[in-house]
Amino acid sequence: MEKPALASADRRTVAVVTGLSAVAFAATVIAVAIAVTQSLTLRVLSIDSALLNDPAPFPSASGESVTATVSSVDLSVTDAPAGLRALIAGAAITGALLPLSVCAALCFLGLTIIREHFRRRAAFALATLAVIAFAGSIFTPLLNGMAASEALRLGPLGNSAPFAFTVGGDTLFVPAFLLAVAALMMVGARLQRETEGLI
């Protein structure tokens, strides 16, 4: 039994999405290269929304006080040392891992659909991209927090500069989604082998 061929219009649509994903991947790489170069060469560096542990008591309905522990501040550092520049450059690189993983995953899926053949290698590649995206989601806020703490340490806070960072739950959605797609592709590859064995 011959498997149905992918319609030419569908093939063109998938090819366009795959090509746009490849272009977005290349554009992201260029943007990261520019960001890293700027972090290593600019005289004045900016760090946005640095988190501070700044307890501030507020009255509650029971008459007791509650404490807000997080605030943020925008920082500007002139003639930053190499260590701070390396942290900012590292955050720029890890911050790009998520969009790069998504673009690469779309390319893999597009090529798989065009070739009409699910392969375990593509599923393993998607699983690897999910791990990379997860690492980027964790290390980006960590490096940004370290950079903010180092920048605050260079100022009047000195060695008492706080260190804080948060990881949003929404940033973990994409790695989980990529893992789910990888699992579906592995199931699809197995079903394809079993179907071809029956023909």
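## Basis

Helices (H or I, at least four residues) and strands (E, at least two) are DSSP runs, numbered from the N terminus. Ser101 has its place in helix α3. This is a predicted model, in which local features need pLDDT of at least 70 and side-chain atom pairs count only at pLDDT 80 or more, while totals for chains, interfaces and linings use all residues. Residues are numbered from 1 along each chain as its sequence is written, and side-chain values use heavy atoms, with hydrogens and water left out.

## Helix α1 against α3

Helix α1 covers residues 8-41 and helix α3 residues 97-115; their axes come within 8 Å and cross at roughly 155 degrees. Axes are lines fitted to C-alpha atoms, for helices over the stretch in contact, and angles run from 0 to 180 degrees between N-to-C directions. The two helices are therefore roughly antiparallel (the term for angles over 145 degrees).

On the α1 side, the residues that meet α3 include Arg11, Val14, Phe25 and Val29; on the α3 side, Pro99, Leu100, Leu111 and Ile114 are among them. Contact means heavy atoms within 4.5 Å. The residues of this contact comprise 15 nonpolar, four polar and one charged. Here Ala, Val, Leu, Ile, Met, Phe, Trp, Tyr, Cys and Pro count as nonpolar, Asp, Glu, Lys and Arg as charged, and the others, Gly among them, as polar.

## Helix α1 against α2

With helix α2 (residues 82-95), α1 packs at an angle of about 170 degrees, the axes being 8 Å apart. This pair, too, is roughly antiparallel. From α1 the contact takes Val32, Ala35, Val36, Gln38, Ser39, Leu40 and Thr41, and from α2 Arg85, Ile88, Ala89, Ala92 and Ile93. By class, these are eight nonpolar, three polar and one charged residues.

## Burial and length

Buried residues (under 20% relative accessible area, with a 1.4 Å probe and protein chains only) in α1 are Val14, Thr18, Ser21, Thr28, Val32, Val36 and Ser39. The end C-alpha atoms of α1 are 49 Å apart, in agreement with the 50 Å that its 34 residues should span at 1.5 Å a residue. The expected span is 1.5 Å times one less than the number of residues.

In α3, the buried residues are Leu100, Ser101, Cys103, Ala104, Ala105, Cys107, Gly110 and Thr112. Ser101 counts as buried because its relative accessibility is 1%. Apart from neighbours within four places in sequence, Ser101 is in contact with Leu129, Ile132, Ala133 and Leu178.

## Ala50 in strand β1

Strand β1 (residues 44-59) contains Ala50, which counts as buried at 3% relative accessibility. Ala50 and Ala148 lie 98 residues apart in sequence but 5.5 Å apart in space, C-alpha to C-alpha.

Conventions. Angles under 35 degrees count as roughly parallel, over 145 as roughly antiparallel, 65 to 115 as roughly perpendicular and the rest as oblique. Buried means under 20% relative accessible area, exposed over 50%, partly exposed in between (1.4 Å probe, protein chains only).
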